[in-house]
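Subject: Handing over the structure

Hi,

Here is the structure I promised to pass on. Have a look at it first, and then read on for what turned up.

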Amino acid sequence: MTEDLQISKNLIRVQTEIEKVWDESRYVLNNRRKATSTIPNSPQLVAVSKLQPDARVDACLRAGHRVFGENRVQEAKERWNPRKGKYKDLKLHLIGKLQTNKVSDAVAFFDVIEVLDRPKLAEKLSNEMLRQNRRLPCFVQVNTGEEPQKSGVMPADADQFIEFCRNDLKLNVTGLMCIPPVQEESAMHFSLLREISIRHDLPNLSMGMSRDYREAVSLGATSVRLGTAIFGER
Ligand SMILES: *Cc1c(COP(=O)(O)O)cnc(C)c1O
């Protein structure tokens, strides 16, 4: 039960911090956004449970948290399928690279796809969502640091890709996601992502991890993805 106490404390600490930074920055942010894309609610916390022991994840559930991020389809299914029956209000986000041969599983299992990053995947997702009649919210992942080893559409291609996904494929694109390079200041990456979202009037920005979520919230994040800050080291 010490696990429960620690994780409750972490959740409260992080939520308090998110609210505080959001409250300090939202008026400034809203001034620059279109009326349709203000940030009415404080940013959502996506608890990243990948590679964490079940005991910690169950402690987080007992503390009342329901929104989780996983980066592998198979791992996520093994962990969450046994828990879906008990917690009906779970929201599971896919935040890791999606192989095209896992698309059918991913659409059946997840509630939000945060890793829409290439035309071939977009086409598969679109077909599969139609087939399963599950029109999931999707985030376009942008490789803001233009790192060759990282997923995400290049910033120069982002506008065209977003329009292709929305207009041609009729995907339900609701926002953008990025993972800044570890060795750089995150702020310029968050700002770049936000500029793209404003151009397309996209309401959601998934940005900020344990090390930089305060900065992300101050720059307009509508959700942050936190693993270590909630669960401890993986
Ligand atoms: C693992 C992971 C996180 C969480 O990272 P922490 O540093 O533990 O908060 C967030 N987003 C993505 C895409 C991840 O893969």
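This is a predicted model: local features need pLDDT of at least 70, side-chain atom pairs count only at pLDDT 80 or more; totals for chains, interfaces and linings use all residues.

Contact here means heavy atoms within 4.5 Å. Residues are numbered from 1 along each chain as its sequence is written, and side-chain values use heavy atoms, with hydrogens and water left out.

Let's start with Asp 4. Leaving aside neighbours within four places in sequence, Asp 4 is in contact with Ala 59 and Arg 62. Asp 4 sits in helix α1 (residues 2-31); helices are DSSP runs of H or I with at least four residues, strands are runs of E with at least two, and both are numbered from the N terminus. With a relative accessibility of 15%, Asp 4 counts as buried. For that word the cut-off is under 20% relative accessible area, while exposed is over 50% and partly exposed is in between, using a 1.4 Å probe and protein chains only. From Asp 4 to Glu 123 it is 119 residues in sequence and 42 Å in space, C-alpha to C-alpha.

Next, Arg 56, which belongs to helix α2. Its contacts, apart from neighbours within four places in sequence, are Glu 3, Ile 7, Phe 231, Gly 232 and Glu 233. Arg 56 and Gln 6 are 50 residues apart in sequence, yet 9.3 Å apart in space, C-alpha to C-alpha.

Now for the helix pairs. The axes of α2 (residues 54-62) and α3 (residues 73-84) come within 12 Å and cross at roughly 40 degrees. Axes are lines fitted to C-alpha atoms, for helices over the stretch in contact, and angles run from 0 to 180 degrees between N-to-C directions. The two helices α2 and α3 are therefore oblique to each other. As for the wording, angles under 35 degrees count as roughly parallel, over 145 as roughly antiparallel, 65 to 115 as roughly perpendicular and the rest as oblique. On the α2 side, Asp 54, Val 57, Asp 58 and Leu 61 meet Arg 79, Trp 80 and Arg 83 of α3. By class, this contact of α2 with α3 has three nonpolar, no polar and four charged residues. Nonpolar covers Ala, Val, Leu, Ile, Met, Phe, Trp, Tyr, Cys and Pro, charged covers Asp, Glu, Lys and Arg, and the others, Gly among them, are polar.

How do the axes of α6 and α7 cross? They come within 11 Å, at roughly 25 degrees, with α7 spanning residues 187-199. Helices α6 and α7 are therefore roughly parallel to each other, and α6 passes α7 in a right-handed crossing. Pro 155, Ala 158, Asp 159 and Ile 162 in α6 meet Leu 192, Ile 196 and Arg 199 in α7. That contact of α6 with α7 divides into five nonpolar, no polar and two charged residues.

On to the strands. Strand β5 (residues 138-141) and β6 run parallel, joined by four bridges; two strands pair if DSSP finds at least two bridges between them. Within this pair, Phe 139 has Gly 175 of β6 as its bridge partner. Five of the five residues of β6 (residues 173-177) are buried, so β6 is largely enclosed by the rest of the structure. Strand β1 (residues 44-48) is likewise joined to β8 by four bridges, and those two run parallel. There, Val 46 stands opposite Arg 225 in β8. In β8 (residues 223-226), Ser 223 and Arg 225 point one way and Val 224 and Leu 226 the other, and all are buried.

Finally, a few loop residues. Glu 146, in the loop between β5 and α6 (155-168), has a positive phi of about 50 degrees although it is not a glycine. Its relative accessibility is 52%, so Glu 146 counts as exposed. Lys 170, in the loop between α6 and β6, has a positive phi of about 55 degrees and is not a glycine either. Lys 170 counts as exposed at 54% relative accessibility. Ser 186, in the loop between β6 and α7, is buried, with a relative accessible area of 3%.

Cheers

Technical notes. A crossing is left-handed if the near helix is turned anticlockwise from the far one by less than a right angle, and right-handed if clockwise.
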